[in-house]
Amino acid sequence: MPNYRHEYKFCLSALDCLTLRTRLRAALRPDPYAGPSGRYRVRSVYFDNEDCAALREKLDGVAHREKFRLRWYNGELASLHLEKKVKDGSLGYKLACPLSREEAARLFQGDRAWMPASGRALLVELYAKWNSQGLRPAVMVDYQREPFLFPAGNVRLTLDQDLRQAPFSPDLLDREPVTLPAAPGALLEVKYDQFLPSVVQCLVQLEGRQAGAFSKYAAARGYGAPADEVRFSKAPGLF
């Protein structure tokens with residue numbers, strides 16, 4: 001049974017981000033995986049088909065949708081993971097499996113014959129949808145993340161900045177791509193299991209900001225919006 005978690009997003013201005021960073025650093029503990037700096041770079045390659053089905057579902061507000069992506073951190077190609085993120089309204093879950101650099105390179109080159117025998121269910125599913133839906137690597141997304149944790153409710157908050165994108169290239173693992181800004185400002189993501197403690201709700205309160213929809217993938221494809229231009233929709237009972 002998938003472990004569904006609540007997820008809400010706040011588009012932030014630079015001043016918002018500075019205000020929240022000061023609060024969160026004072027009240028919460030950093031994610032130990034972030035290392036001494038408290039930050040790390042996230043790089044993902046998102047999959048879509050020629051009709052941009054994943055992008056269109058997001059823009060059309062389809063409640064239940066999924067995205068495949070290949071992700072790694074701080075440029076460390078020894079920690080590549082294929083992920084499937086499933087969203088159902090404000091709830092979601094993520095499945096992941098590891099890939100070697102050689103496997104990722106073969107995937108980027110369009111070689112998928114090895115995937116059914118990999119023994120990893122997520123790779124087999126991607127193989128099936130590659131053939132049936134035409135999924136292909138579409139775009140690279142890169143950003144800096146600063147994560148914070150709160151144990152009650154299994155809360156994880158992340159401040160994401162410097163969102164950048166680059167067109168997908170099959171040799172992406174062998175060279176540093178030229179990236180372009182995808183969206184200004186910053187993004188706060190709030191994720192938790194069954195409940196969000198009131199102390200965390202207070203920490204993320206910002207005047208004029210409510211939980212809304214934002215997709216890094218959509219922004220990388222040219223459908224982002226500056227923080228001050230986003231029209232938010234109220235999350236019932238929260239924030």
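A residue is called buried here when its relative accessible area is under 20%, exposed when over 50%, and partly exposed in between. The model on screen is predicted.

**Stop 1: the Phe108 and Phe168 pair**

Select Phe108 and Phe168, both of which are buried. Their rings form an edge-to-face aromatic pair, with 5.1 Å from centre to centre and 80° between the planes. Phe108 belongs to helix H3 (residues 101-108), while Phe168 sits in the loop between strand E8 (155-167) and strand E9 (180-181), so the pair ties together parts that are 60 residues apart in sequence.

**Stop 2: strand E3**

Now select residues 40-48, which make up strand E3; eight of its nine residues are buried. Colour residues 136-150, strand E7, to see one partner: E3 and E7 are antiparallel and share nine bridges. Within this pairing, Tyr46 is opposite Val139 of E7. Strand E4, residues 64-73, is also antiparallel to E3, and five bridges join them. Here Arg43 is opposite Trp72 of E4.

**Stop 3: Tyr40 and Tyr73**

The whole structure contains five aromatic pairs. One of them is Tyr40 with Tyr73, which counts as edge-to-face because the ring planes stand at 85°, with the centres 5.5 Å apart. The pair links distant parts of the chain, since Tyr40 is in strand E3 and Tyr73 in strand E4, 33 residues apart. How far is each one covered? Tyr40 is buried, at 9% relative accessibility, whereas Tyr73 is partly exposed, at 27%.

**Stop 4: Glu189 and Lys216**

Select Glu189, found in strand E10 (residues 186-192). Glu189 has 2% relative accessibility and so counts as buried. Show the side chain of Lys216 as well: a polar contact of 2.6 Å joins it to the side chain of Glu189. Beyond its neighbours within four places in sequence, Glu189 is in contact with several residues, including Tyr8, Arg145, Arg156 and Asp160.

**Stop 5: the cysteines**

Finally, select the cysteines. How many disulfides does the structure hold? It holds zero. Cys17 is buried, at 1% relative accessibility. Cys52, at 19%, also counts as buried, because the limit is under 20%.

Notes. Residues are numbered from 1 along each chain as its sequence is written. This is a predicted model: local features need pLDDT of at least 70, side-chain atom pairs count only at pLDDT 80 or more; totals for chains, interfaces and linings use all residues. Side-chain values use heavy atoms; hydrogens and water are left out. Buried means under 20% relative accessible area, exposed over 50%, partly exposed in between (1.4 Å probe, protein chains only). Helices (H or I, at least four residues) and strands (E, at least two) are DSSP runs, numbered from the N terminus. Two strands pair if DSSP finds at least two bridges between them. A disulfide is a pair of cysteine sulfur atoms within 2.5 Å. A polar contact is a pair of N or O atoms within 3.5 Å; within protein, one must be able to donate a hydrogen and the other to accept it, and residues adjacent in sequence count only if both atoms are side-chain atoms. Contact means heavy atoms within 4.5 Å. Rings of Phe, Tyr and Trp (its six-membered ring) pair if their centres lie within 6.5 Å; planes under 30 degrees apart count as stacked, over 60 as edge-to-face and the rest as tilted.
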